[in-house]
Amino acid sequence: MPTLEHNISALKLRIKKQCHIVHRDNNSVHLLAVSKTRNADTVKLAYDLGLRQFGENYVTEAEKKISRLPDDIEWHFIGPIQSNKTRFISEHFSWVQTIDRLKIARRLNQQRPDNLPMLQCLIQINISSDPKKAGIAPEEMLTLAEQISTMPKLQLRGLMAIPKASQASADLNKDFSNMAKLLRQLQTIYKQADTLSMGMSSDLETAITHGSTMVRIGTDLFGPRQ
Ligand SMILES: *Cc1c(COP(=O)(O)O)cnc(C)c1O
């Protein structure tokens, strides 16, 4: 049974190796631990081993966990956002990676408490044009970005994508490389947009090749989900 400690070092090594292969600084890729379905004790073990960035997909699950864990954890919301759940997200998360409509951005901005720093935001792009997936079409990116940029409590930091699973590697490469192009386009207007969140357990190497700055890892860190 591989331990969590072993998994963390194995992942850091994979990131480091891939960065080396594509001539990138390995500090340019963050490891986001995806803790959905894992209990607070498991998250605490990962915390004690040095991880500080965790991603949650469901508000009802996060509600039970966040209050029981150290408050220097940087929580990222990475699931679909229902408008009746925005208040908890704006009060307890540092980042939201899945903004895909104006209404949600407006609510997060209105509900972000004044004593907290700006909420760090990524726009989710439906890069494989998968009708089953959340996210906006690439053509809609600049409109939503402009709307977000006027909101005082939101800071636009970049883009996030979940490419269609089980597609040919040529298509996956294309999706990731299109994401990198979109980020460059965004950066010509918004200099602070420095984040490209893409790559999961099975495709982090490909994502890093195409410029990912944050890989979101669940399975290869904590083991298979039930
Ligand atoms: C579950 C999830 C992940 C982690 O996927 P693994 O394949 O388990 O590493 C990453 N990103 C999002 C948005 C997820 O929902």
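Mentor: In E5, Cys121 is the bridge partner of Val96. Keep in mind that this is a predicted model, where local features need pLDDT of at least 70, side-chain atom pairs count only at pLDDT 80 or more, and totals for chains, interfaces and linings use all residues. Residues are numbered from 1 along each chain as its sequence is written, and side-chain values use heavy atoms, leaving out hydrogens and water.

Trainee: OK, how many bridges join E4 to E5, and which way do they run?

Mentor: Three bridges, and the two strands run parallel. Strands here are DSSP runs of E with at least two residues, helices runs of H or I with at least four, numbered from the N terminus; pairing takes at least two DSSP bridges.

Trainee: Switching to the ligand: which residues come nearest?

Mentor: Of the 13 residues around the ligand, Lys36, Asn57, Ser201, Thr219 and Arg225. Being near takes a heavy atom within 4 Å.

Trainee: What does Ser201 do with its polar side-chain atom?

Mentor: That atom sits 2.5 Å from an oxygen atom of the ligand. For Arg225, a polar side-chain atom lies 2.8 Å from a ligand oxygen atom.

Technical notes. A polar contact is a pair of N or O atoms within 3.5 Å; within protein, one must be able to donate a hydrogen and the other to accept it, and residues adjacent in sequence count only if both atoms are side-chain atoms.
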